[in-house]
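Hi,

Here is the structure I promised to pass on.

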Amino acid sequence: MATISMSCISLPTARLSTNRQLKRYSTRMSIASGSNETKCLGVQLTEGLGTLPKVVLTSSHGSEAELYLFGGCVTSWKVAGKDLLFVRPDAVFNGQKPISGGLPHCFPQFGPGAIQQHGFARNVNWSVLDSENVEGNPMITLELKDNEYSRAMWDFSFQALYKIILDEKSLSTELVITNNDSKKFSFTTALHTYFSASVGSASVKGLKGCKTLNKDPDPKNPVEGKEERDTVTFPGFVDCVYLDAPSELQLDNGLGNTISISNTNWTDAVLWNPHLTMEACYKDFVCVENAKIGQVQLEPEQSWTATQSLSVI
């Protein structure tokens, strides 16, 4: 196993010169491993849309993924040349707003609440902690720690580690949240995953029997229920929480692919499609999100870990 070790370098702000940011990262990567080795290991730092720093992961088996350090957001996952994730056409890459698409983070709050919608993890810069390659499959670990910006709205010291692993037909992630504070804290979280889909043909299996919180028509007063369908479809506006969801769901994206969505410790699931409220693109994606709806409470020095694996089957 070949390994690149990269020191954690926080990007001060997305407004700074991206050339300077890329140079700083590339220098550290080259010192640790040699620039040629970085490329052959399938981990390449480059300039993305809006000149934001982007990491490209390339597996020796032919799959590819792209992620932005802004938001720690995976925006592309290609298997056999086909992108299975979706980025909305209204997404902006300016370091000022969260990237709308791919695998956005929701932390330390999922949905509306005491702080900004979906928390702050999706609209701050993450740092590259390290990367490695196992049998042709690249991995990278990102880190997010508290700073003045996060403490202004959520006054706790924490560390978030996010490992992304690319395999021939799978994209796996591991999220570890650690309480570095002297007092306990609680949070909710989710991976707001956007999948490329033909919404009229897409469906999800595995949710039958789950307790549901249906946010249609009133998201502020969700209707409790129970999922009775073997196969859940997207006939119109869909915004539904599934509590105590199983550890594996199957998405038929309506485009010829079936994707297994398996997890550990993401106890809940959310299905979402905005329908006519997002007329320009609603037909081209569905969101199947792993979530932790209930509060996770961590004492000082405690950690919480959740994994997700997306696999073409």
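Let's start with Phe107, which counts as buried because its relative accessibility is 4%; buried here means under 20% relative accessible area, exposed over 50% and partly exposed in between, with a 1.4 Å probe and protein chains only. Before you read on, note that this is a predicted model, where local features need pLDDT of at least 70 and side-chain atom pairs count only at pLDDT 80 or more, while totals for chains, interfaces and linings use all residues. Residues are numbered from 1 along each chain as its sequence is written, and side-chain values use heavy atoms, with hydrogens and water left out.

Aromatics

There are 19 aromatic pairs in the structure. A pair means that ring centres of Phe, Tyr or Trp (its six-membered ring) lie within 6.5 Å, with planes under 30 degrees apart called stacked, over 60 edge-to-face and the rest tilted. Phe107 and Phe120 are edge-to-face, since their ring centres are 6.3 Å apart and their planes stand at 80°. Both residues sit in the loop between β7 (105–106) and β8 (127–134), so this pair ties together parts that are 13 residues apart in sequence. On naming: strands (E, at least two residues) and helices (H or I, at least four) are DSSP runs, numbered from the N terminus.

Phe120 is buried too, at a relative accessible area of 1%. Phe107 also pairs with Phe187: the ring centres are 5.2 Å apart and the planes are at 65°, so that one is edge-to-face as well. This second pair links distant parts of the chain, with Phe107 in the β7–β8 loop and Phe187 in strand β12 (residues 185–191), 80 residues apart. Phe187 is buried, as is Phe107.

One more distance for Phe120: its C-alpha is 8.8 Å from that of Tyr149, 29 residues away along the chain.

As a reminder, most residues other than glycine have a negative phi, and most peptide bonds are trans. Phe107 turns up again here, as its peptide bond to Pro108 is cis, with omega near 0°. Pro108 is in the loop between β7 and β8. Another cis bond joins Asp216 to Pro217, with omega about 15°, and Pro217 lies in the loop between β15 (211–214) and β16 (223–226).

Two non-glycine residues to check for positive phi are Thr51, near 60°, and Glu135, near 55°. Thr51 is in the loop between β2 (43–47) and β3 and is partly exposed, at 37% relative accessible area. Glu135 is in the loop between β8 and β9 (137–145) and is exposed, at 71%.

Cores

The largest nonpolar core has 65 residues, and Trp77 and Leu207 touch the most other members. A nonpolar core is a set of buried Ala, Val, Leu, Ile, Met, Phe, Trp, Tyr and Cys residues joined through side-chain atoms within 4.5 Å. Strand β10 (residues 158–166) gives the most to this core, namely five residues. A separate second core holds eight residues, among them Phe110, Val241, Leu243 and Ala291.

Pocket

The largest pocket has a volume of about 670 Å³. Pockets come from a 1 Å grid over the protein atoms alone: an open set of points with protein on both sides within 12 Å along at least five of seven lines, where a lining residue has an atom within 4 Å of a point. Points are joined across faces, edges and corners, and the volume is the space filled by probe spheres set on them.

Its lining has 25 residues, with Gly111, Gln117, His118, Lys215 and Asp239 nearest the centre. Strands β18 (238–243), β21 (268–273) and β22 (285–298) each supply at least two lining residues.

Asn263 is in strand β20 (residues 258–264) and is buried, at 9% relative accessibility. Its side chain reaches the backbone nitrogen of Trp266 at 3.0 Å, a polar contact being a pair of N or O atoms within 3.5 Å, one able to donate a hydrogen and the other to accept it, with sequence neighbours counted only if both atoms are side-chain atoms.

Val56, in strand β3 (residues 53–58), is buried at 11%. Val56 and Val43 are 13 residues apart in sequence, and their C-alpha atoms are 5.9 Å apart.

Cheers

How values were computed:
1 Å grid on protein atoms, 1.4 Å probe; cavity = no way out; pocket = protein on both sides within 12 Å on 5 of 7 lines; lining within 4 Å.
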